[in-house]
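Please consider the following chain together with its three-dimensional model. The paragraphs below lead through selected features of its fold.

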Amino acid sequence: MNDASHPRSDDPGRPGDAAPRPGDAAPVPDVFAPAKLGPVTLRNRTIKAATYEGLTKDGQVTDALIDFHVRHARGGVGMTTVAYCAVAPEGRTDRRQIHWRDEAMPGLRKLTDAVHAEGAAVQAQIGHAGPVANPKSNKLPALAPSRHFHLTTQTVAKAATHGDIARVVEAHARAGRMAIEAGFDSIEIHMGHNYLTSSFLSPKVNHRKDEYGGSLENRARLARDIGRAVRDAVGDRIAVTAKLNMDDGVPGGFWIDEAIQVARWLEEDGSVDALQMTAGSSLLNPMYLFKGDAPLREFASVMKQPTKLGIQLIGKHFLKSYPYEDLYLLRDARQIRAAVKLPMILLGGVTDKAGMDTAMAEGFEFVAMARALLREPDLINRIQAEPATESLCIHCNKCMTAIYGGTHCVLSTEPAWGAAGA
C-alpha cells in the first residue's frame, strides 16, 4: 500500500490529535478523525479489542485468522488486535495459540500485510498466561508468583523462580523485536486478568516473601521490569500499550487504589504510549470483566469431564452474572484518567456513537470494542455513515464459548471469519 494510506507515520500529528484533559477548554476530538498512538497514526480512534480468536492451529497463523482481522479492518476500525501471542510456550492458555518463534513469522507477516491493505493498523497482544495457562494442553508446567491451584484445569501452577522471571522478562523484549519484524504497528502488553504479570500484582495470588512479593512496589516489580524491557527493545519504532487491571473482582485482590499507583509508575518509567484499563480474574472471577449473562449451559457443553460436571454443579458460584450497562468500566477508569497524563483507551460497553463521544469528552483518546464488533464487524463503518446506529449485541456472552471452534457471535448468520478474504 502507498505511504499515504499506511498507518505508520512520522507525521507530528493533525489538528485535534491531542485529546483534552478534564477541565481543559479544548474541543472534544472527533472519534473518526486520525490520531497518533505513540509513533503510529491511526485512521480513527477505534480499536478492535483483544479477543482470543480460537483460529490458530499448532501455534501458526491460519487463513481463517487472517480473514477474521481483515474483516474487522474492512469494517472500519483504526486498529485491530491479534490475541494473543504468548512470549513463551508455557505461557499459552491452550497449545494451539501462537507463541513467538521463527516458524510463526511468515504467517504473522502475511496477516499484518493483509490488514494494512485495508488501511488499518494491527496490534499484537503479548504476554504470559502464568497461572491461567493450561499445563495439560501445553505439556509444560504453568508459572505463578506462588503455588496456585487452577480450578478449571484441575492443575497446580509452580512458583516462578528468579530464573523464570528473568527469562519471561527477556521473552517480552524478544516478542517486541519480533513484532516489529512481523510488521505490527503496536503491541499490547497483557497486565490483566491474573495472567502472570497481573497475578504478581494481586495480593490474593502473590504470597511471595522476596523482592517480588509483599508491598505494592515489590508486587509491581515484574510489570515495571517487563515494560522497561519492551521499551528498551523497541524504542519508538512501534507503539507500546498496556492492558492493566483496575480490580480483580475478588476480596483481597488487586484494587483501584493500587492500580492508580501502578499506572503512575508506568508513566514515570516511560514504558508505554497508552493504557487500557480492564478488570476481572480469569482464575477467580472471569465474568467480572464482561458483564451481562453467564452462559453456564454453553460453557458446560464445550468442557470435558470433570470440568463439565463441576460447571453444572457449582458453576453459578464461579461464573457469576453481573448487570450490563454501557461504558461499565468508565467510572473506575476515570480515576486512572485523573491520575496520569498518558493517553488512555476506554474499554467496556462501548457500542455506539454516543458512548464514543462520552469517552472523548471524558479525556480518553481511544475506545476499544470487542463483543459489539464480533456481532457486527462492520459496525464502525455503519456508525460513521449513520451516527444513530445501534449495536445488535445483546451481551449474552455466548461468544465466549465459541473460542474452541473460532470466536464469533453465535447469533450472527455469518461468523467474522471464513469468507472475508474472498
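Lys-398 belongs to the segment after helix H15 (379-385); helices here are DSSP runs of H or I with at least four residues, strands are runs of E with at least two, and both are numbered from the N terminus. Lys-398 counts as partly exposed, at 29% relative accessibility, where buried means under 20% relative accessible area, exposed over 50%, and partly exposed in between, computed with a 1.4 Å probe on protein chains only. The C-alpha atom of Lys-398 is separated by 8.4 Å from that of Asp-293, although the two residues are 105 residues apart along the chain.

The model is a predicted one, in which local features need pLDDT of at least 70 and side-chain atom pairs count only at pLDDT 80 or more, while totals for chains, interfaces and linings use all residues. Residues are numbered from 1 along each chain as its sequence is written, and side-chain values use heavy atoms, with hydrogens and water left out.

The packing of two helices comes next. The axes of helix H4 (residues 162-181) and H7 come within 8 Å and cross at roughly 35°; these axes are lines fitted to C-alpha atoms, for helices over the stretch in contact, and the angles run from 0 to 180 degrees between N-to-C directions. The crossing of H4 and H7 is right-handed, a term for the case in which the near helix is turned clockwise from the far one by less than a right angle. Contact, meaning heavy atoms within 4.5 Å, involves Ile-165, Val-169, His-172, Ala-173, Gly-176, Arg-177 and Ile-180 on the H4 side, and Leu-222, Asp-225, Ile-226, Ala-229, Val-230, Ala-233 and Val-234 on the H7 side. By class, the residues of this contact comprise 10 nonpolar, 2 polar and 2 charged; Ala, Val, Leu, Ile, Met, Phe, Trp, Tyr, Cys and Pro count as nonpolar, Asp, Glu, Lys and Arg as charged, and the others, Gly among them, as polar.

Side chains of opposite charge can pair when their charged atoms come close. A salt bridge is counted when a side-chain nitrogen of Lys or Arg lies within 4 Å of a carboxyl oxygen of Asp or Glu, and this rule gives 20 salt bridges. In one of them, Asp-269 meets Arg-224 at 2.8 Å, N to O. This pair links distant parts of the chain, with Asp-269 in helix H8 (residues 256-269) and Arg-224 in helix H7 (residues 221-234), 45 residues apart. Asp-269 is partly exposed, at a relative accessible area of 22%, whereas Arg-224 is buried, at 15%. Salt bridges with shared partners also join Glu-90, Lys-158, Asp-164 and Arg-167 into one network.

Two further salt bridges may be described. Arg-208 and Asp-210 meet through their side chains at 2.8 Å, N to O; Arg-208 is buried, with a relative accessible area of 11%, and Asp-210 is partly exposed, at 22% relative accessibility. Asp-332 and Arg-331 form another, at 3.9 Å, N to O, and Arg-331 is exposed, at 62% relative accessibility.

Which aromatic rings pair edge-to-face? Rings of Phe, Tyr and Trp (its six-membered ring) pair if their centres lie within 6.5 Å; planes under 30 degrees apart count as stacked, over 60 as edge-to-face and the rest as tilted. The whole structure holds 5 aromatic pairs. Among them is Trp-100 with Phe-184, which is edge-to-face because the ring centres are 6.2 Å apart and the planes stand at 75°. Trp-100 lies in the loop between S4 and helix H2 (105-117), and Phe-184 in the loop between H4 and strand S9 (186-191), so this pair ties together parts that are 84 residues apart in sequence. Both Trp-100 and Phe-184 are buried.

The backbone also deserves attention. Most residues other than glycine have a negative phi, and most peptide bonds are trans. A cis peptide bond, with omega of about -15°, joins Ala-83 and Tyr-84, and Tyr-84 lies in strand S4 (residues 79-86). Asp-58, which is not a glycine, has a positive phi of about 55°; Asp-58 sits in the loop between strand S3 (46-48) and helix H1 (63-74) and is exposed, at 57% relative accessibility. Lys-139, likewise not a glycine, has a positive phi of about 60°. Lys-139 is placed in the loop between helix H3 (135-138) and strand S6 (143-144) and is exposed, with a relative accessible area of 70%.
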